[in-house]
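Morning, everyone. Please bring up the model on your screens, and I'll walk you through it.

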Amino acid sequence: NSTDGDDYSRLGAAIAENTHLTSLVVVLRDTVALDVTNDRFYDGLKLNSSIQALTFHCGNSNIAGGVGQKILEAYQENNNLTELRINDADLQNGGDEVIAETLRSCTHLHHIDLCGCSITDEQLLPMVDAIRGHRSLEELRLYGNRIGNTGCETLTTLLRNQNSNLQ
């Protein structure tokens with residue numbers, strides 16, 4: 001949280017140029033005002049070609065409409081991710097849609113971890129549709145959600161798909 005956008009511009013430029021940075025961990029909290037509005041920070045994420053693992057620790061913060069959404073949108077364009085972990089996110093107000101679009105765009109994912117996000121059957125459907133053609137996907141973790149019978153049926157179709165490499 002900063003009112004000085006120059007700090008985030010410099011950080012974004014450093015991230016863009018770094019070829020050794022392989023993972024990014026973001027911690028979101030409701031108590032912190034999310035005011036990163038400098039686009040150069042997000043441009044740095046888009047330009048970085050080495051970050052392959054993205055982890056969000058949300059603490060029940062909403063992933064939509066703030067920094068979380070902007071970071072996910074950067075990776076929708078970047079498509080370098082092989083691992084996506086989003087833990088304890090509030091998916092209300094479009095958070096589930098942001099995640100589904102990110103899953104659709106990130107076609108090289110090997111590991112997806114969406115745990116403790118209270119995902120419902122209705123929210124799970126577009127997410128599963130988004131990853132249906134991802135041949136590189138090997139692991140999908142969904143514990144701590146509210147998946148019922150319909151969600152289980154949706155996951156069954158994914159597992160029965162002959163092109164699925166889920167282990």
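What covers the buried residues of helix 5? Let me set the ground rules, then answer. This is a predicted model: local features need pLDDT of at least 70, side-chain atom pairs count only at pLDDT 80 or more, and totals for chains, interfaces and linings use all residues. Numbering starts from 1 along each chain as its sequence is written, and side-chain values use heavy atoms, with hydrogens and water left out.

Now helix 5, residues 121-131. Buried there are Asp-121, Gln-123, Leu-124, Met-127, Val-128, Ala-130 and Ile-131. Buried means under 20% relative accessible area; exposed is over 50%, and partly exposed is in between (1.4 Å probe, protein chains only). The cover includes helix 4 (95-105), strand 4 (111-115), strand 5 (139-141) and helix 6 (149-160). Helices (H or I, at least four residues) and strands (E, at least two) are DSSP runs, numbered from the N terminus.

On to the sheet. In what order do the strands lie? The order is 1-2-3-4-5, in an open sheet of 5 strands with parallel pairing. Two strands pair if DSSP finds at least two bridges between them. From one strand to the next, the twist averages 5°. Angles run from 0 to 180 degrees between N-to-C directions, and axes are lines fitted to C-alpha atoms, for helices over the stretch in contact.

Let's walk across it. Strand 1 (residues 23-27) runs parallel to strand 2, joined by 5 bridges. Leu-24 is opposite Leu-54 of strand 2, and Val-26 is opposite Phe-56. Strand 2 then pairs with strand 3 (residues 83-87), again parallel, over 5 bridges. Here Leu-54 faces Leu-84, and Phe-56 faces Ile-86. Strand 3 and strand 4 are parallel too, with 5 bridges. Ile-86 sits opposite Leu-114 in strand 4.

Why is strand 2 largely enclosed by the rest of the structure? Because 4 of its 5 residues, in the stretch 53-57, are buried.

Strand 2, helix 3 (residues 67-78) and strand 3 form a right-handed β-α-β unit. Right-handed means that, with the strands pointing away from the viewer, the path from the first strand over the helix to the second runs clockwise. The crossover from strand 3 through helix 4 to strand 4 is right-handed as well.

Now the helix pair. Helix 2 (residues 39-47) and helix 3 have axes that come within 8 Å and cross at roughly 40°. Helix 2 brings Asp-39, Tyr-42, Leu-45 and Lys-46 to the contact, while the helix 3 side includes Val-67, Ile-71 and Ala-74. Contact means heavy atoms within 4.5 Å.

Last stop, Ser-105. Which helix holds Ser-105? Helix 4 does. Its relative accessibility is 18%, so Ser-105 counts as buried. Leaving aside residues up to four places away in sequence, Ser-105 touches Gln-76 and Asn-79. Asn-149 is 44 residues from Ser-105 along the chain, and their C-alpha atoms are separated by 27 Å.

That's the tour. Over to you.
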